[in-house]
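This report walks through one protein chain. It covers the fold, the sheets, the pockets and a few backbone details.

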Amino acid sequence: MNQFFRLISVIEAINLINRISLPIGVEDVPLTEAYGRVLAEDILADGDIPGFDRSVKDGFAVNSADTIQASESAPVALTSAGRVTMGQGGNGITLRRGECAYIPTGAVLPGGADAVVMLEYCRDLGETILAGRQVFPGENIIRADEDYSRGEGVLAAGKLLNVRDVGVLAAVGASRVAVRKRPVIGIVPTGIELVPPDAVPDAGDVRDVNSYLCSAFVQERGGIPRNYDIVRDDPAHLTAVLESALEECDAILITGGSSKDDRDIVADVIESLGEVLAHGIALAPGKPTIIGTIGHAPVIGIPGHPASTMVVLSVLAAPLLQSLSGCTGRREMKQKAVLTQNIPSERGREEYVRVKLIGDEAVPLFGKSGLLNTLVQSDGLVRILQGYEGLEAASEVDVTLW
């Protein structure tokens, strides 16, 4: 087996990941835990919302036909029929022509009324109310089914629930919600040179950065990271760790060991346990990335340099997590900016360049993929499509924010 340098495009890689990453199970959670989860089923309104005709302003409920002649200079005199109390079903008031009733915001519109004159356009003289403005049918009120009608679709399966969605779920009585389980992602660091972050590196040693980048990224994207100990470029050890991870995880990210160095064992081990579907993507940085499967689990082998890791996570691990969670509506945050200088690029690969945003300008941060400082200083990535030789200064670009 030798698929290295048989490069596939980025879109081919994403399509491949989507094909091998099937949505996982479902669980019910209380509404208080629904934020940030992915809906597993459509949500329908359990009744008309708000369920009654109500006022959206403080003022006087009226029959709009009684206000046709009303103006500030010539107000219309209406007879007060009383006051509507909040939560009292309108107090049983039914207006006759020429009558009105005081109504607070949110209260039930009394019978016979079809509009509300705002308080500031009225003068209360006790039994008589002077309405100084004409209103039209439906003005300053919400009808019983104007928000949602019974059985109407409110939220669709696959929706990543935001703050506003949680409010809507409460409005339709969804005290518990069926959501997709959070995918469990195994993170396996490889490399004889790696040491834990709390170790003092000797010459040639490197603290394990990528495990923690991957773990934080998985958490940010709604998954559950499961970290494994460093594998010291030993095929038997890596095999044992992957077999263990297979029993506990929905997908596996392996950092390091994806190039063609003699010590880079990841592709061979994946092939021995499952299948390597791609080894090499027209992506910079991140060209040596591996995509494969072991049993039910998709596996991505990520190059060892931190900048490469972040690009592969953003471009390929993001759709992996989205597919596993059954999410259909997640959007990347982007900001338009103007490049401050030229960005050269090689044809034949899709390149992602780190940039820092200063106002409405994007400043490229050129640096080798092993450097961390450009990651920390950058605000996001600028994408250069395969086949282009770069971008010119003063070009408007979309910056995909970290």
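## Terms and basis

Two strands pair if DSSP finds at least two bridges between them. Helices (H or I, at least four residues) and strands (E, at least two) are DSSP runs, numbered from the N terminus.

This is a predicted model: local features need pLDDT of at least 70, side-chain atom pairs count only at pLDDT 80 or more, and totals for chains, interfaces and linings use all residues. Residues are numbered from 1 along each chain as its sequence is written, and side-chain values use heavy atoms, with hydrogens and water left out.

## Overall form

The protein chain holds 7 helices and 28 strands. Its radius of gyration is 31 Å, well over the 21 Å that the globule rule gives for 402 residues, so the chain is more spread out than a compact globule. The radius is taken over C-alpha atoms, and the rule is 2.2 Å times the number of residues to the power 0.38. Along the principal axes, the C-alpha atoms fill a box of roughly 95 × 50 × 40 Å.

An open sheet of 6 strands runs in the order 16-13-17-21-20-18, with mixed pairing. Strand 16 (224–227) and strand 18 (275–279) stand at the edges, each with a single partner strand, so one side of each has no neighbour in the sheet. From one strand to the next, the twist averages 20°. Axes here are lines fitted to C-alpha atoms, for helices over the stretch in contact (heavy atoms within 4.5 Å). Angles run from 0 to 180 degrees between N-to-C directions.

Strand 17 (residues 251–255) pairs with strand 21 (residues 297–302) in the parallel sense, over 4 bridges. Thr 255 has Ile 302 as its bridge partner in strand 21. Helix 6 (residues 306–324) lies across strand 13 (184–189), strand 17 and strand 21. The helix runs at about 175° to strand 21.

Strand 5 (residues 76–83) and strand 6 (residues 99–103) run parallel, joined by 3 bridges. Ser 80 has its bridge partner in strand 6, at Cys 100.

## The largest pocket

A pocket is an open set of points with protein on both sides within 12 Å along at least five of seven lines; a cavity is a set where the probe fits but cannot get out. Lining residues have an atom within 4 Å of a point. Grid points are joined across faces, edges and corners, and a volume is the space filled by probe spheres set on the points.

The largest pocket has a volume of about 980 Å³. It is lined by 38 residues, of which Ser 314, Val 315, Tyr 352, Leu 381 and Thr 400 are the closest to its centre. Helix 6 gives the most to this lining, with 7 residues. Other elements giving two or more include helix 1 (10–20), helix 3 (210–220) and strand 24 (350–358). The lining divides into 23 nonpolar, 7 polar and 8 charged residues. Ala, Val, Leu, Ile, Met, Phe, Trp, Tyr, Cys and Pro count as nonpolar; Asp, Glu, Lys and Arg as charged; the others, Gly among them, as polar.

## The second largest pocket

The second largest pocket has a volume of about 720 Å³. Of its 29 lining residues, Leu 160, Leu 161, Gly 329, Arg 330 and Arg 331 are the closest to the centre. Helix 2 (163–171) and helix 6 each supply at least two lining residues. Helix 6 gives the most here too, with 3 residues. The lining divides into 12 nonpolar, 6 polar and 11 charged residues.

## Backbone details

A cis peptide bond joins Ile 49 and Pro 50, with omega about 10°. Pro 50 lies in the loop between strand 2 (43–44) and strand 3 (54–55). The bond from Ala 284 to Pro 285 is also cis, with omega near -10°. Pro 285 lies in the loop between strand 19 (283–284) and strand 20 (290–294).

Asn 140 has phi near 65°, a positive value in a residue other than glycine. Asn 140 sits in the loop between strand 9 (128–131) and strand 10 (141–142).

Terms used
On a 1 Å grid over the protein atoms alone, a cavity is a set of points where a 1.4 Å probe fits but cannot get out, and a pocket is an open set with protein on both sides within 12 Å along at least five of seven lines; lining residues have an atom within 4 Å of a point.
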